[in-house]
Amino acid sequence: MREKAKTKGKPRVRSNHKAAAQCSCGAVALEIDVPARWAWHDHSAASRRAHGSAYATYVGSWRSRCRITRGDEHLARFVEEATGHTRSFCARCGTPMLYERAHAPQMVNIPRALFTARTGREPLYHVGIGELQDWTYLGAPLVPLKGFPGVVWERTKRKKRVETDVLFE
Ligand SMILES: [Zn+2]
């Protein structure tokens, strides 16, 4: 009952729910309070290259609601000269960990893929959609590739047998 009285009239700002994230090797770990502020897909060339992937999906958290829980000494920082944005990654395994944009110093963005639990936000927003690459997988139907268990592909109307043979040689 006392607990209830304390929060009366105003929503609780701090949450007891947390979502944990870590790098590939486990040296660096962090957590945020859930729900996160927002979540978004970043199609910009800078993020595409920093992640080595078609695009990066980030969870944005208030800086005050994000804590490095392990391995702060393993975090390496890279500042993009053109923008002043900072990218931090694990110096042991190279996993991108934090993306801090100069124009939003109160926010910190963490790759969604690093979290093992839900963050309270769906990635509904797209930044840099004009830079979407034509080779990005967008959910086209997939069918099994004959002779290669576990491999599926987007069947095209034209025969591309020669290309797939080369790919898996
Ligand atoms: Zn690591």
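Me: Before we look at the sheets, what makes two strands count as a pair here?
Reply: Two strands pair if DSSP finds at least two bridges between them. Keep in mind that this is a predicted model.

Me: Good to know. How many helices and strands does the protein have?
Reply: There are three helices and 12 strands.

Me: Let's start with the open sheet of three strands. What is its order?
Reply: The order is S1-S2-S5, and the pairing is antiparallel.

Me: Which strands stand at the edges?
Reply: Those are S1, residues 18–22, and S5, residues 66–70. Each has a single partner strand, so one side of each is left without a neighbour in the sheet.

Me: And what does the twist average there?
Reply: From one strand to the next, the twist averages 25 degrees.

Me: How many bridges join S1 to S2?
Reply: Five bridges, with S2 covering residues 29–33 and the two strands running antiparallel.

Me: OK, on to S3. How does S3 pair with S4, parallel or antiparallel?
Reply: Antiparallel, over five bridges. S3 spans residues 38–42 and S4 spans residues 56–62.

Me: What about S3 and S10, parallel or antiparallel?
Reply: That one is parallel, with three bridges between S3 and S10, which is residues 125–127.

Me: I've got histidine 41 on screen. What stands opposite histidine 41 in S4?
Reply: Threonine 57 does. Over in S10, histidine 126 is the bridge partner of histidine 41.

Me: Switching to burial: what percentage of the residues are buried?
Reply: Buried residues are 21% of the 169 in the protein.

Me: Why does valine 59 count as buried?
Reply: Because valine 59 has 27 C-beta neighbours inside 10 Å, and the cut-off for buried is 20 or more.

Me: Which residues does valine 59 touch, leaving out those up to four places away in sequence?
Reply: Valine 59 touches Ala36, Ala39, Asn109, Ile110, Arg112, Phe115, Thr119 and Arg121.

Key:
Residues numbered from 1 in each chain as written. Predicted model: local features only at pLDDT ≥ 70, side-chain atom pairs only at ≥ 80, totals over all residues. Helix = DSSP H or I, 4+ residues; strand = E, 2+ residues; numbered from the N terminus. Buried ≥ 20, exposed ≤ 12 C-beta atoms within 10 Å, placed from the backbone. Axes fitted to C-alpha atoms, helices over the stretch in contact; angles between N-to-C directions. Contact = placed C-beta atoms within 7 Å.
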